[in-house]
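Work through the exercises below with the model open. Try each task before you read its solution.

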Amino acid sequence: MVFKYCRYTNGDGMPVRLSRTERREKTRHDLLNAAETCFVTRGFHATSVDEVAERAGYTKGAVYSNFASKEDLFFGVYQRRVDHVLTEVVPGLREAGAERAFDSLATGTIQRRDSDDGWLAVFFEFWAHVLRHPELRARFAESHTRFIEPLTDGVRQLAAERGCSLPSDVTPFQVALAWNAMEVGLGLERLTQPQDVDVELARRMCWLLLDAVVGPALSVAGSDGKQKNRSTR
C-alpha cells in the first residue's frame, strides 16, 4: 500500500508542509476520487471500503475518520457531482436561456454515454439501495432536490420567455421533477437499448413534455420579416 505524506511541492518544486486542515481536505478529496472510480467501475455493492482506502493510498481508518459508512462515502461522491453541476454547469446554462439550457441537458447525457454509463449504473443501484433503507431516503431526497431546483427555475424562465402560464394544477417543481424523471428513465433504457435511445429521441421527448405543459415556443420575425421559431429544436 502507498501511503500519503504531508509534504508536497509548490509551483517551484520546493517542499511545502500542509496544515492539518489542508491535509484533512486533501485526504477527503483523494478518498472521494478513489471511491468514485471504484463505484463507477465495480458498482456500489461490489466495492468495499478496503478497496477505496487502498486505491487512495490510505488506511481503512482514514476512510472512517472522514466518512461514517460506505453509504456516507457514496453520498460524498454524489453531492460533489451535484456541486459541480450547480457551480460549473448551471450558470452557463442560465446565461444561454431556458430554451438552449433544456435542449443541452436533454441531449448531454446521451452524448456523454461512454463516460457516464458507469455512473448511471451505480446511481440506479444506489437508488434501489436507498429504497430498501428508509433511514437513507431523506438524505438522498435532499441531494436530489438540490439538482432539481435549477430545473425548477428553468421551467419558470421558459414560461416567462414564451409569455405563457403553467396550468393551475401543477407547480414548476413538479414539472421539473417529471421532466427529470423522464430523462433519468431514458438514461436507464439506454443502458440496455442504446440503439433505440439516441440524441434525437431525448430531444424530442424533452420538448413534447415541456411544450405540452408550458405552452408552445413563440415565433419571432427574423431580419427578412419571416417568422422563425425561437425553439432550439
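Helices (H or I, at least four residues) and strands (E, at least two) are DSSP runs, numbered from the N terminus. The model is predicted: local features need pLDDT of at least 70, side-chain atom pairs count only at pLDDT 80 or more, and totals for chains, interfaces and linings use all residues. Residues are numbered from 1 along each chain as its sequence is written, and side-chain values use heavy atoms, with hydrogens and water left out.

**Exercise 1. Describe the whole chain.**
How many helices and strands does the protein chain have?

Solution. 
- Step 1. Count the elements. There are 9 helices and 4 strands.
- Step 2. Read their order. Along the sequence the pattern is β-β-α-α-α-α-α-α-α-α-α-β-β.
- Step 3. Take the burial. Of 233 residues, 39% count as buried.
- Step 4. Take the contacts. Among those between residues at least 6 apart in sequence, 69% join residues at least 24 apart.

**Exercise 2. Trace the salt bridges.**
Which residue forms a salt bridge with Arg 203?

Solution. 
- Step 1. Side chains of opposite charge can pair when their charged atoms come close.
- Step 2. A salt bridge is a side-chain nitrogen of Lys or Arg within 4 Å of a carboxyl oxygen of Asp or Glu. The count by this rule is 14.
- Step 3. Take Arg 203. Its partner is Asp 103, with the closest N and O atoms 3.1 Å apart. Arg 203 lies in helix H9 (residues 199-214) and Asp 103 in helix H5 (residues 98-111), so the pair ties together parts 100 residues apart in sequence. Both Arg 203 and Asp 103 are buried.
- Step 4. Take Asp 117. Asp 117 pairs with Arg 190, the closest N and O atoms being 2.7 Å apart. Asp 117 is in helix H6 (residues 113-131) and Arg 190 in helix H8 (residues 172-192), 73 residues apart. Asp 117 is partly exposed at 27% relative accessibility, whereas Arg 190 is buried at 2%.
- Step 5. Arg 156 and Asp 153 form a salt bridge at 3.0 Å, N to O. Both lie in helix H7 (residues 137-162), 3 residues apart, about one turn of the helix. Arg 156 is partly exposed at 46% relative accessible area, and Asp 153 is partly exposed at 34%.
- Step 6. Find a network. Salt bridges link Glu 36, Arg 80 and Arg 81.

Notes: Buried < 20%, exposed > 50% of the residue type's maximum accessible area, 1.4 Å probe, protein only. Contact = heavy atoms within 4.5 Å.
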